[in-house]
Amino acid sequence: MSTPPSDEAMSDYVEDLLDATRAEEDPLTGLPNRAGLLRALDTRRAQRVPTAVAVLGLDNFRSISVTLGPGMADTMLQVVAARLLARLPTDAFLARLDGDEFAIALSVLGQKPRATEALLNAILLDLAQPCEVDMHRVHLDACVGVLLDAADDEAAPGPLIPGTADDDGATDSLELVARAQLAMHYAKRSRGQTLRRFEPSMRTEAIDRRRLDLELRRAAGEGEFELHYQPQIDLETGRPTGAEALLRWRHPERGLLMPVDFIEALAMSGIAATVGWWILDQACRDAATWPKIDGHAMTVSVNLFPSQFGHEDFLHEVDAALRNSGLPPQSLELELTETIALRDDGGAAATLQALRGRGVKAAYDDFGTGYASLSMLHHLAVDRVKIDRSFVRDVMEDRGDAAIVRSILLIARNFDMQVTAEGVESAPQADFLRKLGCDEVQGFYYSQALPLADFGHWLSGYERRRASIARIE
């Protein structure tokens, strides 16, 4: 007869089991963590249980954390966990990943993908319902990415089993989660209650983006970026009032690359803020060398990356760029995009007020292209709005575009803001905008974006023309 284990041995054994359990548990929500999820997926795959993997991410969680505090943010994560558990079937496996992301493993045996999508869409609607927490009414939006085993209802009579010969290459559980997570990030681009299925092209694009990111990091380290300047013109006088600094990439193999080839990837890169500070500093240094035109100082407009505006060093970097260059604050205008406005965490208005206190101007770029533009004007006090080139291109022929331009000009006047129209390519366009009351324009009709030396020559040419006209008069 074997000797029973001692109390001490039993205690150690139980403690080891508890330690193993705690290692796979999220302490905040009590849900399994990433390690627990991967173990559960490994088990399901070993048992050949067809499984859909979904990753859900909250859209405005950072805003809650900043405005209401980390304690409230933790409470909201617990609320999300409770709502998910209440909606999911009993055989679903729910885990919390990092930050505001949750993962769901759903058994799809005998189910069509549309049934899984319907469940996930119902979850998004549940999460969108407001809730009262500590006297605060909080709204949440979420997006979800899902890796489904079947391509579609008609083409696939039943789900495929991950890891079998019929699978498309997802050979481990970590890869399954990564693919669902990638689809979730695609869903987040659409903002709010969006579901996206994983598609192989997403992975291809992600690999391409990673390669591009590595190239961008190399380019930043080796000084391959340069600034070109596009003149901005006062419509009443024809006088250049300033220029917008536009980034170019002098690629060693592909030549001079336009922003369309890399700017989106750069904005999402970890080096975006670093490159942005360089742009700000260099643009201020260049603008400090520009002459006065007809007795008026020129202004340089600098586009901001989203990662810059909310950065803790933002105002310090602006001050340093002005100090190092000697450029007067009144000669600097910073352009905000809708992306920056939509990510407002409550501090944007204070930051803009601090800029104005310094004398720095702010502009709202690509105005009218997004649904948030009008509402942002109420709490983001900017000095100028810029009409996107998409409305200017057909403003002479398209009544809808003309109506939008008129509306923007009216709104800007009511808010006491200046207006610049982008993408002006002809004299009739410029004259049409002038008659509508537009203040300034820029576009190929006046000049393309020019390297610093060429921009200097362009300014000299303007001054020579003005001098010649003055002599004639």
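Guide: Start with burial. Buried means under 20% relative accessible area, exposed means over 50%, and partly exposed lies in between (1.4 Å probe, protein chains only). This is a predicted model, where local features need pLDDT of at least 70, side-chain atom pairs count only at pLDDT 80 or more, and totals for chains, interfaces and linings use all residues. Residues are numbered from 1 along each chain as its sequence is written, and side-chain values use heavy atoms, with hydrogens and water left out.

Visitor: Why is Tyr-229 called buried?

Guide: Its relative accessible area is 0%. The limit is under 20%, so Tyr-229 is buried. Trp-290 has 11% relative accessibility, so Trp-290 counts as buried too. Over the protein chain, buried residues make up 46% of the 473 residues.

Visitor: Which parts of the chain does the pair link?

Guide: Distant ones: Tyr-229 is in strand 8 (residues 225-234), and Trp-290 is in the loop between helix 9 (272-287) and strand 11 (299-303), 61 residues apart. Helices (H or I, at least four residues) and strands (E, at least two) are DSSP runs, numbered from the N terminus. Ring pairs also join Tyr-229 and Trp-290 with Phe-455 and Trp-458 in a cluster.

Visitor: How do you know that the charged end of Arg-189 sits over the ring of Tyr-186?

Guide: The rule asks for NZ of Lys or CZ of Arg within 6 Å of the ring centre and within 35 degrees of the ring normal. The charged end of Arg-189 is 4.3 Å from the centre of the Tyr-186 ring, and sits over that ring.

Visitor: Why do strand 2 and strand 7 stand at the edges?

Guide: Two strands pair if DSSP finds at least two bridges between them. The open sheet has five strands in the order 2-3-1-6-7, with mixed pairing. Strand 2 (93-96) and strand 7 (195-197) each have a single partner strand, so one side of each lacks a neighbour in the sheet.

Visitor: How do you know that strand 1 and strand 3 pair?

Guide: Seven bridges join strand 1 (residues 51-58) to strand 3 (residues 101-107). The rule needs at least two, so they pair. They run antiparallel. Thr-51 stands opposite Ser-107 in strand 3.

Visitor: What pairs with strand 14?

Guide: Strand 13 (residues 361-367) pairs with strand 14 in the parallel sense over three bridges, and Phe-367 has Ile-387 as its bridge partner. Strand 15 (residues 418-421) also pairs with strand 14 in the parallel sense, over four bridges. There, Lys-386 has Thr-420 as its bridge partner. From strand 14 (residues 384-387), Arg-384 and Lys-386 point one way and Val-385 and Ile-387 the other way, and all are buried.

Visitor: How does the length of helix 11 compare with the expected span?

Guide: The expected span is 1.5 Å times one less than the number of residues. Helix 11 (residues 314-325) has 12 residues, and its 17 Å from first C-alpha to last is close to the expected 16 Å. Just after helix 11, Gly-326 takes a positive phi of about 80°.

Terms used: Phe/Tyr/Trp six-rings, centres within 6.5 Å; stacked < 30°, edge-to-face > 60°.
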